[in-house]
Amino acid sequence: SLPANSEALRSFVKSCSSTCLELAIAGRQAHVVDSAAVRQGALQVLFIAVHALSSQAEALVPDALIVAERALQDEDGAVREAALKLVGACAGSCEEAFVKDEGLLSRLGRLMCGMANMDPHPPARALAQKLA
């Protein structure tokens, strides 16, 4: 376990975050057997990075939220669930960065409210109910 101020952790996050951001969005076009698993995995790595960095995740949070917004609209329930976890990690890590873009927050809120009421993936619906 590395502390959030660990140089090794910051270096790891810096080296992998851009790749994960790209995979979370473009994984659908990847020529792999299960592109949803690629997107879900990328979102999970971003969740771990944001959660581990905690208050030092300020630079990553805006991009992570944009990726999460797109992933909340994914057809795969596990991807939507991973996106919800990422939104929760962003909200808990750095409040200043989280509330910076009011338009994005509003869109995320609408998506999560819709998911809380109608998502066909029970774990995503349950998590959306907690976050909305």
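Among contacts in the protein chain between residues at least 6 apart in sequence, 65% link residues at least 24 apart. The model is predicted. The protein chain holds seven helices and zero strands.

**Overall build**
- Read from the N terminus, the elements run α-α-α-α-α-α-α.
- The protein chain has 132 residues, and 40% of them count as buried.

**How α4 and α7 pack**
- Two packed helices are described by the angle between their axes and the distance between the axes.
- Helix α4 covers residues 77-93, and helix α7 covers residues 122-131.
- Their axes come within 8 Å and cross at roughly 25 degrees.
- Angles under 35 degrees count as roughly parallel, so α4 is roughly parallel to α7.
- The crossing of α4 and α7 is left-handed.

**Residues in the α4–α7 contact**
- Helix α4 contributes Gly77, Arg80, Glu81, Leu84, Lys85 and Gly88.
- Helix α7 contributes Pro123, Ala124, Leu127, Ala128 and Leu131.
- By class, the contact of α4 with α7 has six nonpolar, two polar and three charged residues.
- Gly counts as polar here, and Gly77 and Gly88 both belong to the α4 side.
- The charged class includes Arg, Glu and Lys; on α4, Arg80, Glu81 and Lys85 take part in the contact.

Note on methods
Residues numbered from 1 in each chain as written. Predicted model: local features only at pLDDT ≥ 70, side-chain atom pairs only at ≥ 80, totals over all residues. Heavy atoms only, no water. Helix = DSSP H or I, 4+ residues; strand = E, 2+ residues; numbered from the N terminus. Buried < 20%, exposed > 50% of the residue type's maximum accessible area, 1.4 Å probe, protein only. Contact = heavy atoms within 4.5 Å. Axes fitted to C-alpha atoms, helices over the stretch in contact; angles between N-to-C directions. Parallel < 35°, antiparallel > 145°, perpendicular 65-115°, else oblique. Left-handed = near helix turned anticlockwise from the far one by under 90°.
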